[in-house]
Amino acid sequence: MNPVIITWLDAVNHGDGESEPRHRPAKQVAIGWLLKQNKKGISYCSEYSDDGSWRDEVFIRDADLVSVVELEIEP
């Protein structure tokens, strides 16, 4: 299982009441372990154990993905 750097566009809540709406998504970047990627989107986790289990699974829709970069770890 390889680690990945994922960049996507996400909804954002601006509760400060500025005079002009920002009217745009927020770019997010995360690093995690790739679980699955297909035309629906990507699932990754932040912690992966050598027994095959993981914690903190996240799903991001394909339409929101900007980039996914797989990293290689030397054994």
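**Reading strands, burial and contacts**

Q: In which strand does W54 lie, and how are strands assigned?

A: W54 belongs to strand β4, which covers residues 54-61. Strands here are DSSP runs of E with at least two residues, numbered from the N terminus (helices are runs of H or I with at least four). Do keep in mind that this is a predicted model, where local features need pLDDT of at least 70 and side-chain atom pairs count only at pLDDT 80 or more, while totals for chains, interfaces and linings use all residues. Residues are numbered from 1 along each chain as its sequence is written, and side-chain values use heavy atoms, leaving out hydrogens and water.

Q: Is W54 buried, partly exposed or exposed?

A: W54 counts as partly exposed because its relative accessible area is 40%; buried means under 20%, exposed over 50%, and partly exposed in between (1.4 Å probe, protein chains only). D56, also found in strand β4, has a relative accessible area of 49%, so D56 is partly exposed too.

Q: Which residues is D56 in contact with, beyond its neighbours in sequence?

A: Contact means heavy atoms within 4.5 Å. With neighbours within four places in sequence left aside, D56 contacts Y44, C45, S46 and E47. Take Y44: 12 residues separate it from D56 in sequence, and the C-alpha to C-alpha distance is 8.3 Å.

Q: With which side chain does the side chain of D56 make a polar contact?

A: The partner is the side chain of S46, at 3.0 Å. A polar contact is a pair of N or O atoms within 3.5 Å; within protein, one must be able to donate a hydrogen and the other to accept it, and residues adjacent in sequence count only if both atoms are side-chain atoms.

Q: Why does S43 count as buried?

A: S43 has 13% relative accessibility, so it counts as buried. Its place is in strand β3, and beyond four places in sequence it touches W33, L34, L35, K36, E57, V58 and F59. T7, in strand β1, is likewise buried, at 11% relative accessibility. Among its contacts, sequence neighbours up to four places away not counted, are K27, Q28 and V29, as well as L65.

Q: Which residues make up the largest nonpolar core?

A: A nonpolar core is a set of buried Ala, Val, Leu, Ile, Met, Phe, Trp, Tyr and Cys residues joined through side-chain atoms within 4.5 Å. Here the largest has 9 residues: V4, I6, W8, A30, L34, I42, Y44, I60 and L65. For one member, V4, the contacts outside four places in sequence are A30, I31, G32, L34, V68, V69 and E70.
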